[in-house]
Amino acid sequence: MNGKINADLKSLEAIYNKNKPYLIQIVIILASIILFFQFVVPQFRTLLEVREEGIEASLKLATLKTNLDVLTKVNEEVLDSQLEVLSSALPLSKDFIGMLNSVYSTAQKTGVNLGSFSLKVGDLSGSEKINDFPTVKLSVPINSNIATINSFVETVNRAVPLSEVYLVKIGGVSSTVGLSFYYKPLGSSVYSEDALVSPVSQKAITLVKQLSEFENTSISMQPIPSATSSATQ
Amino acid sequence: MSTDINLLLVTDEESLKRKKRVRILNFAAAASLIGVGLASLGVFLLIRAIDPSPILAEQKDVLGKMSQLENRQAKLFILNNRVENIDKVLKIRKDLSKVTSGLLAKIPSDLSIDDFEVNDKSVIMTGQSRSLSAIGEFINNLTDMVYKKEIIKSLTINSLALDESRNSYRISVKSEL
């Protein structure tokens, strides 16, 4: 048993002696490989991360600079007036004053006699669907002839807040026009500081011009004639 | 003697080979060590070169300037939102005034409309006339509109009756829009 061990030790010694001149170099090479995987590879990963971060930062900076440029060039007074026109056309919330003004102003212009009307407000406590356009329905009884009622429908279609005539019912005794007034809350849109700020587009300018030609009752805030109105759910 | 000479010769060859191997290994060891060092240094310098800190500092500066204009930014955001939504509303809303105008234009003068109901899907009209020809003209006009696909898509005569008390004919029609 001991003899065998001695024989192994001898052979190991022989191998050691034979390869002794290469040992240091081999150790250095192995150490270099270990160093490469321990330091250079992680460093390279860091380099990629920093590069990615740099690209993202550059893109964000470019967007921010564009946004700053857009915001600096915007004329705030013009922006305010455009926003006023657009918000009166499509309010952020239920604009009851705007709706009543629109109806009464149209009635005055077209010469129809309004009866007492009701607003169908809907569920005030419920959450509003963001994708749809919520409306407030208004049922307006009118005591006029068919031509005048048609004139009322045409005129109210070109008034703000924007509405849709969903029903025209003309009877012998009384007539009714059903109106749906649109509004649209902003909703929980995701705001991001690096999102591109769009300047006022040509489409927006055209739309503002088009809406400015509408009967703008909300902005002028005409006094509401005395009439009974009731809110129903 | 000859054996000794042979042995020495072998030893020299091996020694030369060993020296050569040692030289190669020396070179490999040095090269690997220098290579790792240089790679590490190179990557370090690259990291330093593309360091995004100056960009981040500039970003902070621009954000600072933008914070003074955040009111305008909010207004622009709302304005673009309104434009987008108003455009949709103008596209989806139906104009019933065109329907009523179009249909009223087709009613003969000697036919009076008692009831007229139009919504976004259908229209119901009830009228009366002392003349059957006026009733006929009314039906023909509406039929033409259906053929031409002008405003209405279909025409159903709900009733056509003689009202003896008034001595007039009463007609009720329904059309799909």
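Two residues are taken to be in contact if their C-beta atoms, placed from the backbone, lie within 7 Å. By this criterion, in the predicted model, the contact between the two chains takes 63 residues from chain A and 58 residues from chain B. On chain B, the elements that each supply at least two residues to the side touching chain A are the helices α1 (2–49), α2 (53–67), α3 and α4 (96–104) and the strand β1 (112–119). Helix α1(B) provides the largest share of that side, with 16 residues. Divided by class, the side of chain B that touches chain A has 30 nonpolar, twelve polar and 16 charged residues.

One part of the contact between the chains is a pairing of strands. Strand β4 of chain A, residues 163–170, pairs with β1(B) in the antiparallel sense, and four bridges join the two strands. Within this pairing, A:Ile170 has B:Phe116 of β1(B) as its bridge partner.

Helices also pack across the two chains. Helix α5 of chain A (residues 202–212) packs against helix α3 of chain B (residues 70–92), with the axes 10 Å apart and at an angle of about 65 degrees. Angles of 65 to 115 degrees count as roughly perpendicular, and α5(A) and α3(B) are therefore described as roughly perpendicular to each other. The crossing of α5(A) past α3(B) is left-handed. From α5(A), the contact is made by A:Lys203, A:Ala204 and A:Leu207, and from α3(B) by B:Leu79, B:Val83, B:Ile86 and B:Asp87. Five nonpolar and two charged residues make up this contact of α5(A) with α3(B), and no polar residue takes part.

Helix α5(A) also packs within its own chain, against helix α2 of chain A (residues 76–89); the two axes come within 10 Å and cross at roughly 65 degrees. The crossing of α2(A) and α5(A) is left-handed. Residues A:Gln82, A:Val85, A:Leu86 and A:Ala89 of α2(A) meet A:Ala204, A:Val208, A:Leu211 and A:Ser212 of α5(A) in this contact. By class, the contact of α2(A) with α5(A) has six nonpolar and two polar residues, with no charged residue. Residue A:Ala204 is listed both in the contact of α5(A) with α3(B) and in the contact of α5(A) with α2(A).

For chain B, the domain assignment gives domain 1, covering 2–51, and domain 2, covering 96–176. The C-alpha centres of domain 1 and domain 2 of chain B are 105 Å apart.

How values were computed
Residues numbered from 1 in each chain as written. Chains lettered and ligands numbered in written order. Predicted model: local features only at pLDDT ≥ 70, side-chain atom pairs only at ≥ 80, totals over all residues. Axes fitted to C-alpha atoms, helices over the stretch in contact; angles between N-to-C directions. Parallel < 35°, antiparallel > 145°, perpendicular 65-115°, else oblique. Left-handed = near helix turned anticlockwise from the far one by under 90°. Nonpolar A, V, L, I, M, F, W, Y, C, P; charged D, E, K, R; others polar. Pairing = 2+ DSSP bridges. Domains from an automatic or database assignment.
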